[in-house]
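Try each one on the model before you read its solution.

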Amino acid sequence: MSSGDVEPTRALAKPMFTEPQASALVESVFGFKVSKIQPLPSYDDQNFHVHVTPTEASTGGPLEYVLKISNTECSKNAELIEMQNEIIMFLKAAGFPTASICRTKGDRTTSLMSMDSGSGIKNHLVRLMTYLPGRPIAKVPVGPTLLYEVGRLAAKLDKTLEAFHHPHLSLLHRENFIWNLKNIPLLEKFVDALGHNRNREIVQQVIQLFKQEIVPKLSHFRECLNHGDLNDHNILVVPSREAFGDTPYQVSGVLDFGDMSFGYYVFEVAITIMYMMIESQNPLHVGGHVLAGFESIVPLTPTERGALFLLVCSRFSQSLVMAAHSCQLHPENEEYLTITAKTGWKHLQLMFDKGQKAVEEIWFQTAKSYEAELALGLEQSSH
C-alpha cells in the first residue's frame, strides 16, 4: 500500500517513469544491462519487473529484479526507506522468503534520482531487489492448511522482528500514518469519498465503536513491529514440493514492507485475516484457520481476542475508504485501487449482519479444533 506519514493526497506525486527511462536508470545506477522491462501494479509508487543480460561478472547470479521508484513524498524520508531495506535483509538472514537488496554502484541500498516530469524537477528514491518466484495467494485456491501457514508466518515475522535493532527504529512510531490500524479515527476525514449509502453508515459505526471499545484497550495490547500489509497480493506461493493437507502450495515470498510501523500483535493477525477473506468463497470461516496458525506462535490474550472482530472490520473500513479516496485522486489506477472493494464491502456487511458473537464463535471454535488435533498428535507420539 502506501509508505509515508502524510495524508494520501500524496498519490498525486506518484512517479511517472517510462519503460526506457526506468531501463536507463537500472543501467546507470546499478550497472545492469536490461534485456526486458515491464511495469508492475502499485498503489502510489512505481514498480517494474526487470530482466537483465548475464555478464561474466554476474555468472550464476539472479537475472530478474524489481525496480521500485518511490513517490516524491516518501522519497523525502530516505532513512525510513533504508531501514525498510535493512529489515528485509534481516528477515532474509533469519530464513524468511524476502527479496535480496541490490547495492548501487556507489555501494548504497537506495539512490535519489531527479526527473523532469513536465511540471518541474521531482526527486525519487530508487531501489532494486531480486524478483521473487511465485503467484500472489489471491490467484490460487486457498484451503485451511495454507491459511494456517499464513497465520504462522505473520506471527513468526513479528516475533522475529523483536530482535531487530537500528539507530533510527523510532521512525517506525508513525503517529499519523493512515495505514496504522490505531489511526482508524483519522478515516473521518475521508468518508465523503463514499457518498451517502449503507457502506458509509457501516464505516461510521466502525469508527465510533473503535473509539469506544478499542482505543481504551490499546495499552493492554502487546506492542511489536507490524508488517502491516500482509494482503493477498503481497504473499507469493509456489507449488509445494511436499504437498500435505489440503493444499498443493507453499509460501515463496513476502513483499512490500512500506507500511511497517509499531503496532500490536493483534493488529497483524486482524489485518491478515481481513485480506485472506477477500477472495474466499467462505469468508467467515477464514479467521479461525489464520488465528490458529498465528496462535501456534503467539497466543493472544483474552483482551486481544475480544478486540479481533472489530479490528478486522476496522481494516476493511480502512482499506475500502482509502481506496475510494485514492480513486478520486487517481482514476487511471482504479483497477488496482479497487481490488479489495470487489468483495470487501460484501464481506464487511456480512460480518456486521452476522454480528460479533456469531463470527467469534466460528473463529474460536475453528482455532480450538487445531488445539485438539495437536493434543491428540502429541498423545499418540508419546506412546
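**Exercise 1: a ring pair**

At 19% relative accessibility, tyrosine 370 is buried (under 20% relative accessible area; exposed is over 50%, partly exposed in between; 1.4 Å probe, protein chains only). This is a predicted model, where local features need pLDDT of at least 70, side-chain atom pairs count only at pLDDT 80 or more, and totals for chains, interfaces and linings use all residues. Residues are numbered from 1 along each chain as its sequence is written, and side-chain values use heavy atoms, leaving out hydrogens and water.

*Task.* Describe the aromatic pair that tyrosine 370 forms with tyrosine 148.

*Solution.* 
1. A search of the whole structure finds five aromatic pairs (Phe, Tyr or six-membered Trp rings with centres within 6.5 Å; stacked under 30 degrees between planes, edge-to-face over 60, the rest tilted).
2. Tyrosine 148 and tyrosine 370 are stacked, at 4.9 Å centre to centre and 10° between the planes.
3. Tyrosine 148 belongs to helix H3 (residues 144-160) and tyrosine 370 to helix H10 (residues 356-381), so the pair ties together parts 222 residues apart in sequence. Helices here are DSSP runs (H or I, at least four residues), and strands likewise (E, at least two), numbered from the N terminus.
4. Tyrosine 148, at 19% relative accessibility, also counts as buried.

**Exercise 2: a histidine**

*Task.* Find where histidine 49 lies and its polar partner.

*Solution.* 
1. Histidine 49 is in strand E2 (residues 46-52).
2. Histidine 49 counts as buried, at 9% relative accessibility.
3. Its side chain makes a polar contact with that of glutamate 64 at 2.7 Å (N or O atoms within 3.5 Å; within protein, one able to donate a hydrogen and the other to accept it, with residues adjacent in sequence counting only if both atoms are side-chain atoms).
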